[in-house]
Amino acid sequence: MDDDAREQGLLSALTTEHFVLQTSRSATITESVGRATVFLSLLSASLIGLGFVSSSGHLTKPYLGAVLPTLVITGLLTFGRLVQNMVENSLDLKRIQRIRAYYHQRLAGEHDFFADAVTGGGDVRAISAAVATKPNRWQLLLTTAAMVGAVNALLIGVCAALLTGVSGAGTALAIGLGVAVALVAFAAQVVYIKRASLWLAG
């Protein structure tokens, strides 16, 4: 196979791979939105149910005892998958940037098409600085995973406060413990997201 045929075959393969990666990114984003929507819908339905049973004092505690653990477990599972989707999406974007860098080096000529995909003097293996660098810690708080993590932390804090209140402790102590547990739970989930992003950047 001569060089021109090999070049054409590689370009065809890269074009196909580019399309597949774009489809994969779309699928991960769609899944993330779907999972977050299902979780928040479950949470909303639970709050509506709580409104119905709140008029009957003897039903409130059994209802919360059944619903809160379900919400916490569902939320943590949703959070874990959202972090996986974030990593998969970022990996797909890195691979797309490498393909775009090849397009720029081999096909763009004097034009600046795909130039944002190239760093380090046109090296095809170089990846966009926006993708390769470690994400800002505040940007992690804007992800869907962080949003679900915040809801999870609130639910865990409510569970801790209710358990403390049921045990006979004062209201102030129950609220204080609930807030502390919620903050720790949220911090733990943010650390988990950050470790996943650091592994990705490394």
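Two residues are in contact here when their heavy atoms lie within 4.5 Å. With that in hand, L155 touches F39, L43, L68, L71 and V72, leaving out residues up to four places away in sequence. Keep in mind that this is a predicted model. The protein chain has 5 helices and 0 strands, so let's walk through how they come together, given that helices are read off as DSSP runs.

**Overall build**
- Going from the N terminus, the elements run α-α-α-α-α.
- Of the 202 residues in the protein chain, 35% are buried.
- Among contacts with a separation of 6 or more, 73% link residues 24 or more positions apart.
- The accessible surface is about 12100 Å², and carbon and sulfur atoms hold 66% of that.

**Nonpolar cores**
- The largest nonpolar core has 24 residues, and F79, V83, M86, A145, V148, L155 and I193 touch the most other members.
- At least two residues of this core come from each of α1, α2 (57-107), α4 (144-166) and α5 (171-201).
- The top contributor is α2, which gives 11 residues to this core.
- Another core sits apart from that one; it has 6 residues, including L14, L21, I96 and Y103.

**A look at S46**
- You'll find S46 in helix α1, which covers residues 3-53.
- S46 has a relative accessible area of 10%, and it counts as buried because the cut-off is under 20%.
- Setting aside neighbours within four places in sequence, S46 is in contact with Y63, V67 and L71.
- L71 also turns up in the list of residues that L155 touches.

Notes: Residues numbered from 1 in each chain as written. Predicted model: local features only at pLDDT ≥ 70, side-chain atom pairs only at ≥ 80, totals over all residues. Heavy atoms only, no water. Helix = DSSP H or I, 4+ residues; strand = E, 2+ residues; numbered from the N terminus. Buried < 20%, exposed > 50% of the residue type's maximum accessible area, 1.4 Å probe, protein only. Areas by Shrake-Rupley, 256 points an atom, 1.4 Å probe, with all protein chains shown as cover. Core = buried A, V, L, I, M, F, W, Y, C linked by side-chain atoms within 4.5 Å.
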